[in-house]
Amino acid sequence: MRGHLLRRLPSALLVLAAASVLAFGILRLVPGDPAAVLAGPDAGPEVQAAIRDRLGLDEPLPAQYLHWIGGLLTGDLGPSYVIGGETADLIADGLGATVELTLGALLFAVLIGGTLGVLGATARRPWIRGAVRSVTTAALAVPPYVSGVLLVLLFAVLLGVLPAGGRIPLLTAPDLGVQYLLLPALCLALPSAAVLGRYLEDSLRRALAEDHVRTATAAGIAPRRILWRHALPHALPPVVTLLGIQTGHLLGGAVLVEAIFAWPGLGQLAEQALVRRDYPVVQDLLLLLVAVFVLVQLLSDLVHAWLDPRIRWE
Amino acid sequence: MTELYPSAPSAVSRRTTLRAAGGGTLLLGLGLTGCRSAVEESAAPAVADAAGPRRGGTLTVAVNSDFTPSLLFAQSNQSLQQRLIYNTLTRYDDRLEPQPELATSWEYAADGRALTLKLRTGVVFHDGRPFTADDVIFAVKNLQNPVRAAQLRATAAAVTGFEKRGDHELVLKLAHPVNNLFDLFEFMIITDPGSVEEAVAGKRLNGTGPFSLTRWSPGTGLGLKRHEKYWQPGRPYLDGVEIRVVPQADALISSLRTGQSQLSYSVPGRNLATVAGVPGLVVSEYATGGGASYLGVNTSIAPLDDKTVRQALAWAVDRERILKQVLGGYGLASATPWPKSSPAFTEAGRTHYRHDPGKARELLRSAGHTRLDLPLLHVNLPGETALAEAVQYDLQQIGVHVTLEPTDAATAQKKLISQSMPALWAMGHSFAQVQPSTLAVSAYPFNAAKNTSRFRSEEYTRIVREAWTSRATGAGANALRQRVTDTLLDEAFIIDLAIRGSVQVASRKLRGATLNKFSYLNLDDAYLAG
């Protein structure tokens, strides 16, 4: 395994190095720079020049690149140019918020999708099955920027029971934090809940049609026990696989929901950093994404090699 | 196709479903009622006094952009916290007369080249250190540093010497007389010299203001608490202030409607009609305006080097329609940059260019043109795009076919400063709300020596210099201001369109919140009524 890891490591490092050059280079090719943003529309060229000098933007590009990479290698991501604060803190805070939102949405997706799936597959009355189908269709069809506004109107404006936006970290004040989390998590979860619900419904129907379920029914086992002990365990594995894919979708979809609910996650941070040309923040975020991808690939390679010895000997 | 097995177990009966739903609702209800409410928490009530202002409570202010610590000494999109954490030397009243803050009195030397300031005693920073004349010396020198990107740097740079007379008296010596020194005093926050680098990094903001910073979470906002040793006795009334970042306009409005926040200056003009009808909210407008929208003209590109063509563009624009459709009716349609509060404002100047397509076409013809094709750059934000489209439509009516070039703000600002704008651009400028000379000296689009329009005129340079350094008052000062206005209108290298409204949306319970001329929020006397 160690040999396999050593064979894979150089290509992973090469990908990271290439990504760092691309992230650095692309940003420099985009018009506008942090000094222009900081100087503002009323400042003159001398102000912009002084800011460029302070930020080190007058240095040759290779020197700027090496300065950035040198910092990264020593664990110092440096200060943000425009947003303010330390880049590492900004990314850590944003990541925490996005993960919190995604996990909340995942929980909702499982609860709602699971309920709808079971109802759709087991309800005897056609109208219940029709209602489940209508709900999943609506949840899939309505985009988050519409469902988000509707949720705010209902729960924040009309009922006044939940805040319209913002965030209090769950770990800081769990009772308040969960109230801030409910609406964005529900908004983000709805499309995934619909997908999970439909998939579970189909999978459960197949499981309920299996011979062993028929035997269990004939043996007089209670319907509830048949569902929980015999049908659901057979129906769940493909749904769990889908759940993994949906988690990725939730992370991606969080960007839009963050904007609607003023949720200060990674999406908001990336948008702010890009618009304001905050080079260190954008570069570090891009490299972080690539690093996560490379790490997952590396782990996947290792797991494959562990499962299939032939790969290790290639 | 998979068929439902005929005798499939109905594992979930209606009763079970109802039980589950009921249980879930109960749990959610218990969860939400058993703990603090986030909605009530954000509108923490004040404790009632017997009469008059009420002490206590936390005010939540919704903003659409976050505090940018590196722009602490410049006017940026979000400057509300400046006067909460810090103080200024003086503040203007409605008639642009300076009133005491940290400076209690002042006296000009006879030749206008020195100003003696008496400073307030008994003022302490949040860390307990007393305020002295050294802090004022540092504040002025700090703004002279171009890295601070302070728009009033030219005025700060006119201060060339300091004479300390004890800890609370200071003489500022000037290279030449300037008539906008009190604009600098309104603008310049007094910071603690020892922690200024920490301040611009957003780590520690140590001021003498009514509130001290407890928390800055990038992307989320600022938390402030009452400064117990504030120099104004009994002030502030509020225990704390939360400045909450809500970038999306709909979310910001929802936050106001639900009472989650009680004050905002960030509601876009086109959305103000929505909040104006909400019973618990009050919409009010400041006469200083919130900057101005203008059409910039690159005078180095033919045929825009001909001022007759530029004047034709100025006559072609329907400013009233822009005010109504783009700014939601809040603001002032105006051909000059001056808001109503400015001493340079005149009704004749405001209406100098009216919407007259016939006259515009005639001027174009007299300059030898019947059709022009010009690019127009604008920032690709909803309000800016609407402005550019309105201008595009108006110019098309006189035969000027405009191609819109939407771009992001960073690129637009880079082009603005590097004088690489296309023939036309539509943007906003500030600094017309104080002494008129400040606009010409501090706002780059109007700068006489070098500006985005590449407009150079010895006459304009001379007039601006005279307006800045003149010690004339009354009729003499008015005459100078009028000459600046006349030149701007005649040369039309910046075609002003409308003064943007500075609009406050506040809860009916909030009293006493005010803005200074640079949009610093003053909550010294603010309180939340019961």
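This is a predicted model: local features need pLDDT of at least 70, side-chain atom pairs count only at pLDDT 80 or more; totals for chains, interfaces and linings use all residues.
In which loop of chain B is A492(B) found? A492(B) sits in the loop between α18 (474-491) and β18 (494-500) of chain B.

The model scores ipTM 0.72 and pTM 0.81. Chain B has a mean pLDDT of 89. In that chain, 90% of the residues reach 70 or more. Residues 1-12 of chain B have a pLDDT below 50. Beyond near neighbours in sequence, this stretch has 27 contacts in the model.

Chain B contains 18 helices and 23 strands. Its C-alpha atoms fill a box of roughly 95 × 75 × 40 Å along the principal axes. Of the 530 residues in chain B, 57% are buried. The chain exposes about 20,500 Å². Carbon and sulfur atoms supply 50% of that area. Contacts also reach across the sequence. Among those in chain B between residues at least 6 apart, 71% join residues at least 24 apart.

Annotations from UniProt cover parts of both chains. In chain B, an unreviewed entry gives "domain: Solute-binding protein family" for residues 97-436. Over residues 97-436, chain B is 29% helix and 25% strand. The end C-alpha atoms of this range are 14 Å apart. In chain A, UniProt lists "domain: ABC transmembrane type-1" for residues 95-300, again from an unreviewed entry. Over residues 95-300, chain A is 83% helix and 0% strand. Here the end C-alpha atoms are 23 Å apart.

The UniProt annotation "transmembrane region", from an unreviewed entry, covers residues 103-123, 135-161, 181-200 and 285-307 of chain A. Residues 135-161 of chain A are 81% helix and 0% strand. Their end C-alpha atoms are 24 Å apart. Residues 285-307 of chain A are 100% helix and 0% strand. The end C-alpha atoms of that range are 33 Å apart.

The largest nonpolar core has 104 residues. Those with the most contacts inside it are L89(B), F185(B), L521(B) and L523(B). Helix α4 (residues 133-144) of chain B gives the most to this core, with six residues.

What does L521(B) contact, leaving aside its neighbours within four places in sequence? The residues in contact with L521(B) include V61(B), S79(B), L80(B), R83(B) and L84(B). Others among them are L263(B), Y265(B), A513(B), T514(B) and L515(B).

One residue of chain B touches chain A. Q413(B) lies in helix α15 (residues 409-417) of chain B. Not counting residues up to four places away in sequence, Q413(B) touches A36(A), V37(A), G40(A) and P41(A). A polar atom of the Q413(B) side chain lies 3.4 Å from the backbone oxygen of V37(A). Is Q413(B) buried or exposed? Q413(B) counts as buried because its relative accessibility is 13%, under the 20% limit.

Most residues other than glycine have a negative phi, and most peptide bonds are trans. A492(B) has a positive phi of about 50 degrees although it is not a glycine. With a relative accessible area of 1%, A492(B) is buried. R454(B) also has a positive phi, near 55 degrees, and is a residue other than glycine. R454(B) lies in the loop between α16 (436-442) and α17 (458-469) of chain B. R454(B) has a relative accessible area of 41% and is therefore partly exposed.

Cis peptide bonds occur in loops of chain B. The bond from R235(B) to P236(B) is cis, with omega near -5 degrees. P236(B) is in the loop between β9 (221-226) and β10 (240-245) of chain B. The bond from A302(B) to P303(B) is cis, with omega near 5 degrees. P303(B) lies in the loop between β13 (292-297) and α10 (307-316) of chain B.

Note on methods. Residues are numbered from 1 along each chain as its sequence is written. Chains are lettered from A and ligands numbered from 1 in the order in which they are written. Side-chain values use heavy atoms; hydrogens and water are left out. A nonpolar core is a set of buried Ala, Val, Leu, Ile, Met, Phe, Trp, Tyr and Cys residues joined through side-chain atoms within 4.5 Å. Buried means under 20% relative accessible area, exposed over 50%, partly exposed in between (1.4 Å probe, protein chains only). Helices (H or I, at least four residues) and strands (E, at least two) are DSSP runs, numbered from the N terminus. Contact means heavy atoms within 4.5 Å. UniProt positions are given in the numbering used here, feature names are shortened, and annotations may be inferred rather than shown by experiment. A polar contact is a pair of N or O atoms within 3.5 Å; within protein, one must be able to donate a hydrogen and the other to accept it, and residues adjacent in sequence count only if both atoms are side-chain atoms. pLDDT is the predictor's confidence in each residue, from 0 to 100. Accessible areas come from the Shrake-Rupley method with a 1.4 Å probe; for residues, only the protein chains shown count as cover.
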